[in-house]
Amino acid sequence: MLKQTQQLHRVVIRLAGDSGDGMQLTGDRFTAESAVLGNDLSTLPNYPAEIRAPAGTLPGVSSFQVHFADHDVLTPGDAPDVLVAMNPAGLKANLRDLRHGGDVIVDTDEFTKRNLARVGYETNPLEDGSLDGYQVHKVALTSLTVAALEGHEITKKEAERAKNMFALGLLSWLYSRPVEGTEAFLRAKFAARPEILDANLTAFRAGWSYGETTEDFAVIYQVQPAPMPPGTYRNINGNTALAYGLMAAAARCGLPLFLGSYPITPASDVLHELSKHKRFGVLTFQAEDEIAGVGAALGASYAGALGVTTTSGPGVALKTETIGLAVTLELPLIICDVQRGGPSTGLPTKTEQADLLQVMYGRNGEAPVPVLAARSPADCFDVAIEAARIATAYRTPVFVLTDGYLANGSEPWRIPVIEELPALQVSFATEPNGANGEFLPYLRDPQTLARPWAVPGTPGLEHRIGGIEKADGSGNISYDPANHDHMVRVRAEKVERIAESIPPLEVADPDGDARVLVLGWGSTYGPIAAACRNLREEGVHVAQAHLRHLNPFPSNTGEVLSRYDRVVVPEMNLGQLSLMLRARYLVDVAGFNRVRGLPFTSTELADHLRTVVKEVAGA
Amino acid sequence: MTGTTISAVEAGLGPSGLYGVPLVGEGHPLGKKDFTSDQEVRWCPGCGDYAVLAAVQSFLPELGLRRENIVFVSGIGCSSRFPYYLDTYGMHSIHGRAPAIASGIAVSRPDLSVWVVTGDGDALSIGGNHIAHALRRNINITILLFNNRIYGLTKGQYSPTSEAGKITKSTPMGSLDTPFNPVSFAIGSEATFVARALDSDRKQLTAVLRAAAEHRGASFVEIYQNCPIFNDGAFDPLKSPDTRDEQMIRLEHGQPIRWGEQGRHGLGRDPRSGQLVSVEVADVGEEALVVHDDHNEDPAYAFALSRLSDPPIGRTPVGVFRSVRRPTYDDMAREQVAHAQSTQGPGDLAQLFAGKDSWTVD
């Protein structure tokens with residue numbers, strides 16, 4: 001039948017099903033198709049901590065949201081336009097988020113009495129009118145898939161498992177996505193199992209054909225490519241971008257990359273990714289615990305490598321003592337904290353920004369550590385390089401903060417030209433530096449206050465360092481009160497001086513007369529920028545700034561804060577940056593805080609900011 | 001894959017723990033003075049650590065290594081001050097973590113001889129996890145565990161090797177826990193080289209240190225070390241001329257195990273259970289004695305030897321319990337990198353970043 005084609009500017013789709021239904025894979029493939037088409041996009045995977053929660057239950061629901069558009073996209077989208085529910089649990093857990101009037105595609109085969117009862121549906125929502133406000137497409141996904149695979153040499157269960165590919169085929173047709181990438185992906189993935197490959201390809205094509213022939217879908221949609229600066233792009237999630245950034249940083253430093261790590265959600269994928277790249281000379285060491293992970297990384301740094309450890313909040317707690325040692329040894333070290341909901345085990349697969357104070361202050365003694373935070377999945381790449389710059393130039397451990405949302409969320413990434421990345425010059429000490437031909441391991445660079453990095457194997461520079469306080473210059477053990485006071489101040493001053501090497505905080509205030517500044521850090525960038533954009537379209541004037549460097553702050557931060565009548569700091573915590581800003585600049589910043597394990601929506605933030613702007617105008 | 005890795009290690013890297021570490025070369029011999037730093041040694045008078053330090057400083061030059069390629073890493077405790085007194089590279093780290101830090105150094109740098117100096121508290125209480133895993137992985141490091149069976153630096157609490165019932169400041173009615181036998185612990189942790197020595201016996205200590213340094217893999221040496229302040233005389237039965245011959249069993253590879261005056265006691269096997277038992281040589285004849293084989297692959301043998309120790313301190317075997325070959329973690333980790341590079345070619349970042357699904361905007 002002839003279908004009508006409709007152009008859309010943007011679409012938000014959420015796929016929801018059981019943990020075993022392959023929703024993440026389906027979402028990834030749909031995203032890849034959209035990326036290749038040239039849409040801008042942003043994704044939000046959301047899955048349970050349990051590997052296989054009981055089938056068909058609400059806690060077992062795994063979902064994947066993708067927002068794609070013909071223009072610049074900042075967030076995965078507040079409310080889905082389309083919900084694909086593979087079972088009643090997927091429908092029940094996600095329906096409340098759906099835009100009113102949105103489309104619901106359901107697998108009717110799964111809406112059995114038993115499955116409905118399992119999630120507390122007393123009547124069938126497909127029949128009782130509770131979906132009257134939506135466009136419901138009832139598709140017997142499972143039985144259509146099984147029928148399409150009749151004659152294939154596979155079990156019924158294997159046939160049923162291909163239903164996600166049927167759904168992907170249908171969606172790919174509905175949104176006019178290019179399918180070559182997915183077919184190539186399947187061929188590579190199932191190269192060793194031709195019968196499963198056949199089944200998946202057949203199901204995928206059957207889904208596409210079903211869309212073409214059924215009367216249930218009368219319209220197909222197109223979303224044109226978004227204008228983007230020239231370049232070569234790919235889609236990338238934060239953990240991959242972080243791993244690539246670390247590799248690029250090591251290459252630019254001319255140092256071998258050493259990762260000491262212990263598996264922890266949501267950081268493990270950085271370990272997995274780096275473990276694949278041994279041909280680049282990357283050494284990965286899966287340690288016996290978090291402590292040994294950072295210990296081995298520090299040992300590698302001492303030996304002249306770029307030592308890195310990756311973890312999440314609970315791991316940072318365990319690594320704390322070694323990070324303090326790195327502070328006093330004044331050796332380069334990168335600690336990546338992919339934050340998750342806390343405290344304690346908290347919400348392992350959900351996102352949060354509540355480790356800021358831990359990484360700032362969670363050590364004994366005066367132990368300052370530079371802190372950086374990535375604002376988007378692709379930005380993890382750039383932040384990793386900046387962390388390596390600071391760590392090697394200032395001989396200090398550096399924290400990189402990302403979070404579960406950045407780690408797993410993805411967006412298009414303009415692939416950098418390696419030669420255009422910052423050149424990170426690292427020089428090891430080679431000669432004695434003392435007046436009498438001796439080596440002084442704590443004789444500092446007058447500009448950066450960095451001490452020499454003298455790696456074992458260098459003749460004439462044999463020296464001893466340790467966790468006990470050292471005399472400045474010689475590095476010998478010193479319990480002298482004046483020396484300790486001096487060393488505490490020097491270590492603090494060294495970190496403060498990093499501010500001289502970082503760009504000033506930029507403010508986006510297109511109207512030039514905003515009285516309210518929204519200041520964020522980390523992954524809240526997307527929702528904040530989207531909220532500000534929406535407000536400006538309404539004629540509400542707000543200024544926006546976003547911090548990448550949290551310690552030290554850019555030099556002009558205090559001046560920026562003082563320019564506005566009101567500063568709003570949205571955070572996925574109870575006000576940790578707010579606390580730091582108030583303490584440092586004596587500015588009464590106002591927090592906007594949500595700690596739900598999910599990024600906040602641009603709508604709720606815009607609503608709040610609208611009120612604040614009104615208040616300030618009326619004051 | 002694994003096959004190539006292991007055989008390449010065996011074929012290319014040789015058995016010595018010192019393979020790959022640059023040598024001083026002829027004409028530039030180093031002496032004890034070259035390994036002595038300018039720092040004042042600050043242990044208590046009479047501490048066993050002095051004897052061990054002197055033995056190490058005298059012995060290191062004999063290895064012929066360039067001293068800039070030697071690294072000592074320690075944790076926390078009296079013995080962990082050790083690196084400050086050696087004129088090599090050194091790191092005095094944090095409590096219990098030296099094996100982890102040393103692992104990172106050893107994996108990164110095959111040209112370094114890496115040593116860990118630790119104590120009974122550092123290694124077996126707070127750092128028990130790390131030492132077990134360093135041994136299991138067989139990382140090419142040499143671990144010297146100074147066992148004085150007490151906490152010295154914190155002023156006299158019982159340690160994980162103190163005998164049960166130990167009266168200390170923290171255990172006024174006697175300690176309740178069963179102590180570790182460090183040699184048993186190491187063997188149970190899949191160690192490939194395990195030895196025990198005595199601080200006061202320079203000759204035997206030096207021989208053990210040499211064997212440990214030359215072993216490729218994690219070498220574990222327990223050194224009985226006297227703390228004159230908080231646990232004086234802990235090892236006297238092994239030191240006093242009146243008792244030591246009866247108490248100390250010197251293990252020598254290829255020699256029948258015997259001890260006592262004129263070697264009158266020996267180690268035999270119970271014919272029915274196969275268990276090691278002490279026998280009188282006069283009764284059974286020398287041919288019935290167990291001939292010590294530290295290359296015995298079966299850890300049960302070395303473990304059984306380690307259990308001959310009579311608590312709290314009585315009959316005690318010293319020497320090398322176990323010395324077997326197994327590929328080291330660090331060699332294999334580097335071999336995987338080399339293998340990946342030789343089969344796939346060196347990495348190209350631009351190609352990696354582009355991935356499989358890239359697109360171009362003009």
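User: How many helices and strands does chain B have?
Analyst: Chain B has 13 helices and 12 strands. Both are DSSP runs numbered from the N terminus: helices are H or I with at least four residues, strands are E with at least two. This is a predicted model, where local features need pLDDT of at least 70, side-chain atom pairs count only at pLDDT 80 or more, and totals for chains, interfaces and linings use all residues. Residues are numbered from 1 along each chain as its sequence is written, chains are lettered from A and ligands numbered from 1 in the order in which they are written, and side-chain values use heavy atoms, with hydrogens and water left out.

User: What is the radius of gyration of chain B?
Analyst: It is 23 Å for chain B, close to the 21 Å from the globule rule for 362 residues, so chain B is as compact as a globular protein of that length. The radius is taken over C-alpha atoms, and the rule is 2.2 Å times the number of residues to the power 0.38. The C-alpha trace of chain B spans about 90 × 50 × 50 Å along its principal axes.

User: What share of chain B is buried?
Analyst: Buried residues are 56% of the 362 in chain B. Buried means under 20% relative accessible area, exposed over 50%, partly exposed in between, with a 1.4 Å probe and protein chains only.

User: And chain A, how many helices and strands there?
Analyst: Chain A comes to 20 helices and 23 strands. Its radius of gyration is 27 Å, close to the 25 Å that the globule rule gives for 619 residues, so chain A is as compact as a globular protein of that length. The C-alpha trace of chain A spans about 90 × 65 × 45 Å along its principal axes. Of its 619 residues, 62% count as buried.

User: What about contacts within each chain?
Analyst: Take contacts between residues at least 6 apart in sequence. In chain A, 77% of these join residues at least 24 apart. In chain B, the share is 67%. Contact means heavy atoms within 4.5 Å.

User: Where do the charges sit in chain A?
Analyst: Chain A has 54 positive and 72 negative side chains, and the centres of the two sets lie 2 Å apart. Chain B has 33 positive and 42 negative charges, with mean positions 3 Å apart. Lys and Arg count as positive, Asp and Glu as negative; His and the chain ends are not counted. Each charge is placed at NZ of Lys, CZ of Arg, CG of Asp or CD of Glu.

User: Which residues of chain B lose the most area to chain A?
Analyst: Y89(B), F353(B) and W359(B). Together they account for 18% of what the chain B side buries.

User: What is phi at S344(A)?
Analyst: Near 55°, a positive value in a residue other than glycine. Most residues other than glycine have a negative phi, and most peptide bonds are trans. S344(A) lies in the loop between β13 and α13. S344(A) is exposed, at 63% relative accessible area.

User: And N138(B), buried or exposed?
Analyst: N138(B) is buried, at 0% relative accessibility. Its phi is near 60°, a positive value in a residue other than glycine. N138(B) is in the loop between α5 (128-137) and β4 (141-147) of chain B.

User: Last ones. Where is Q255(B), and what does Q255(B) contact?
Analyst: Q255(B) is in the loop between β7 (248-251) and β8 (258-259) of chain B. Q255(B) is partly exposed, at 42%. Leaving aside neighbours within four places in sequence, Q255(B) is in contact with V290(B), V291(B) and H292(B).

User: Which strand holds G591(A)?
Analyst: Strand β23 (residues 590-593) of chain A. G591(A) is partly exposed at 31% relative accessibility. Not counting residues up to four places away in sequence, G591(A) touches V569(A) and S578(A).

Notes. Buried area = accessible area lost by both parts, 1.4 Å probe.
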